[in-house]
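I opened the model to look up its surface patches and its strand pairing. My entries follow in the order in which I made them.

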Amino acid sequence: MSLWLLLAVNSVTLGGLLFLLSAGFSLIFGLMRIPNLTHGSFFMLGAYLGASFLALGLNLWLAALASAAAMAVIGGGIERLLLRRLAGQELAQVLVTLGLSFMIADFCLMQWGGDPIPIDTPAGLRGALPILIITFPTYRLVIVIIAVVVAAALWVMLERTRLGAMIRAGVDDAPMARVTGIRVSRLFTIVFCLGAALAGFAGVIGGPILSVYPGLDADMLPLALIVVILGGTGSLLGALLGSFIIGFLYNFGQALFPELAYIILFLPMLLILLVRPQGLFGRHAP
Amino acid sequence: MSALELRSLAKSFGGLRVTANVNLDVAAGERRLIIGPNGAGKTTLFNLITGELKPDGGSIRLFGQDITRVPSRQRAHLGLARTYQIITLFPGETLLRNVMLSLLGLSPLRWNCVARFNRQEALIARAREALKRVGLDALADRTLAQTSYGERRRVEIAMALAQQPRLLLLDEPFAGLSIDERKDVQKLLLAVPREVTVVMIEHDMDVALELAERITVMHFGEIIVEGTRAEVVSHARTREVYLGE
Amino acid sequence: MTRWVALALALLALVTVPLWIVNGYYVNIVSQILIYAVLALGLNVLVGYAGLVSLGHAGLFGVACYAAAWLVAGGWGHLPAALLALGVIIATSAVFAVLSLRATGIGFLMITLAIGQILWGLAYRWIGLTGGDNGINVPSRPAPFGLSLALSRPFYFFVLIVFLAAVAAMAVFIRSPFGASLKGTRDQPRRMTALGYNVWLIRFLAFLFSGFWSGVAGLLFCYYNQFVSPNVLALSSSAEALLMVISGGTGTLLGPIAGATLVVIMKNVASAYIERWNFLLGAIFVAIVIFMPEGLVPGSVRLWRWSWSLLRRPRAGAALRVGGGRTG
């Protein structure tokens, strides 16, 4: 397969992974109005936990689910014990998430050491499938499928359930939602847990592609940030579209302009913040 | 010459029309009262006049000068001052410093990075003078936290008057005041010199009616009745708007 | 009166540091404290006085550092290199300001974060210019009036002079009418506009002032370390700078200085005993934001007064208790 097709395949895969990471980030940002700077750490911690579960004998999927559950508990604890004390003080909440990201990163370093931990692709999915002119590695295809399934599930949750309606109302106008009787602080906890769980899950299933290493959080957080700023906070469609756009931008950028790799990512984010702060599909500017 | 002239002023938020084709003329030195039920668009009108909101259409003239496109920060320099419905003073500062900040806004001194603000004797004297006019000179060195709500309202007015405006916009100056405090503010406002044109939004009829020479009644962003005190009070539509619905 | 005495004592202590700190290593630590205090003071102009929290100030520190390093390593003399670096930093601050002042609050935070990361990415990846991870070596320290600053003691005095100049500049700035108007824009930007102030321009100029001094700190660091690497511009560096400001307290001049002292001492001394500097940094950050948001200096003053009042209270309480009334 030519380089371009390979890059394209990797971009689509990265897009899928990014969506799993960014969907939660987008909902947290949209509902709680804060960029959760701990989100990359959730991804990384989830991945490390997954590696440990794998070492205990669980298969990849169970490890991913267990990790997601663990991250949901951790996320919930952070939200209830720390963020909730600063209700209404968004700047302070952002600073807390920043501090926590340092703590989690160092904890992971302490617990799992400085060497990258490889995660094996599950046995049955190691081959590749020929699709038209592309030979799509099976596992990567599975990731994309999972991302689409999760996207659909999230869409159903947001559009068709009462919880989803409450979340959408909160994203639209949290004070107003509170006035109409919606328990917004409980929504905050639920969304934060959901976001952390999705991030942890993504960390594990992304393991075979990215492996787990110190600094994974610092690599993933900016991508999630850019996706959500681009797509618009609180918008699932924005997160989906943004993820694939950034997936392509990242891979092709790295290949074509390695010297400007970071700029290629942050420049669009900067431009959006300046020109159209609500992103493609967002309702409010940050 | 009219102090304030609004022509076809219009403003909408999405589909909601908050200011609908407003025409208003306030003569120099006049005391005008704007009344209307909640949501009539009175404060929005003030925000359009001060430039905080940009109108969708229409024009605003201040003493004959078209200020529709003039940025908000320059309108103070043209003689426009206002007070706010919710008290927005500078917390943690003394009353004196609050008024000094108000005076500084119009002074080229505000760009000075080397002088000592606390040693600007001329500015301090004028600030004390302004506080004296509202009867608060004894409290000049108290911080805001050590003053009562009524005293803070008077500081708001002192800050607006200190800038020696030609047009003074008062947004519900009597809101939340006790009966005695209202009397104090009323006395204050009656003493404002004729060089200053006063336009006031108010809900409390008893106190406001005494100060008003002409009254404008707004409803749903439109002016529905306008005239002298007697005319408006006896007008059928006024009673309809205030009692009927 | 006591304030002046305390200040005089502090000044005396600083000036005589080489006398009572014998070990050159510790003199260097004090130099570091003063360098970072200048950075913290610069950042505090925005955070404390303008009410704008920046997560990109390490970018300004780093650009000055890199500019000077690149010039000196390229053969420039120290004085022209320093002057040009300062010019570069003012221009960079202007660009920074124009971009980030499109928003306030979290929007401002994110724009400064993005710009900081772009600068870091440039330092890291534009290997042709910056040497990437290998950094740039600075062959020598400046020698003003022919005096060598190669040793820790003379260098300390050099830093001390710049530090005192910075403190003086800050004091004059914040007590000036412009300083008062800057604080006004922090508390009531709407009203300031209605009073006739140009809020954007005030913030812009404050940003330049803030960036200038952050750049001066960067220059000092360049001479101190004689080596600059992309780490200087990393997000963690911006976070450390912010921690210095908020831990010391944003309302005073002493606050950022105290915060810088705390962070530098912890980083250098603690890391000899505890391996987990980043964990500690994060934990203290979280603790301060939640429990002592006004910072350690005001927080400690509050704590001090409260404990004094506890000591005095029992006597008054006893009198009231006899009468059957409530205490406290």
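**Surface patches**

I began with chain A, where Leu3(A), Trp4(A), Leu256(A), Phe257(A) and Leu260(A) make a nonpolar surface patch of about 500 Å². The model is predicted: local features need pLDDT of at least 70, side-chain atom pairs count only at pLDDT 80 or more, and totals for chains, interfaces and linings use all residues. Residues are numbered from 1 along each chain as its sequence is written, chains are lettered from A and ligands numbered from 1 in the order in which they are written, and side-chain values use heavy atoms, with hydrogens and water left out.

I noted the patch criteria: residues with over 30% relative accessible area and no salt bridge, with like charges joined within 9 Å and nonpolar side chains (Val, Leu, Ile, Met, Phe, Trp, Tyr) within 5 Å. Accessible areas come from the Shrake-Rupley method with a 1.4 Å probe, and for residues only the protein chains shown count as cover. A salt bridge is a side-chain nitrogen of Lys or Arg within 4 Å of a carboxyl oxygen of Asp or Glu.

I placed Trp4(A) in helix α1 (residues 3–32) of chain A; helices are DSSP runs of H or I with at least four residues, and strands are runs of E with at least two, numbered from the N terminus. Trp4(A) is partly exposed, at a relative accessible area of 46% (buried is under 20%, exposed over 50%, partly exposed in between).

I then found a positive patch formed by Arg116(B), Arg119(B), Arg3(C) and Arg175(C). Lys and Arg count as positive, and the charge of Arg is placed at CZ. Arg3(C) belongs to helix α1 (residues 2–15) of chain C and is exposed, with a relative accessible area of 59%.

**Strands of chain B**

I read the sheet in chain B as open, with 4 strands in the order β2-β1-β4-β5 and antiparallel pairing. β2 and β5 (65–66) of chain B are at the edges with a single partner strand each, so one side of each has no neighbour in the sheet. Strands pair if DSSP finds at least two bridges between them.

I counted 8 bridges between β1 (residues 2–13) and β2 (residues 16–27) of chain B, with Leu6(B) opposite Leu24(B). Their hairpin has 2 residues between the strands, and Gly14(B) in the turn has a positive phi of about 65°. β1(B) also joins β4 (residues 57–62) of chain B by 5 bridges, antiparallel; Ala10(B) faces Gly57(B) there.

**Hairpin of chain A**

Conventions
Buried means under 20% relative accessible area, exposed over 50%, partly exposed in between (1.4 Å probe, protein chains only).
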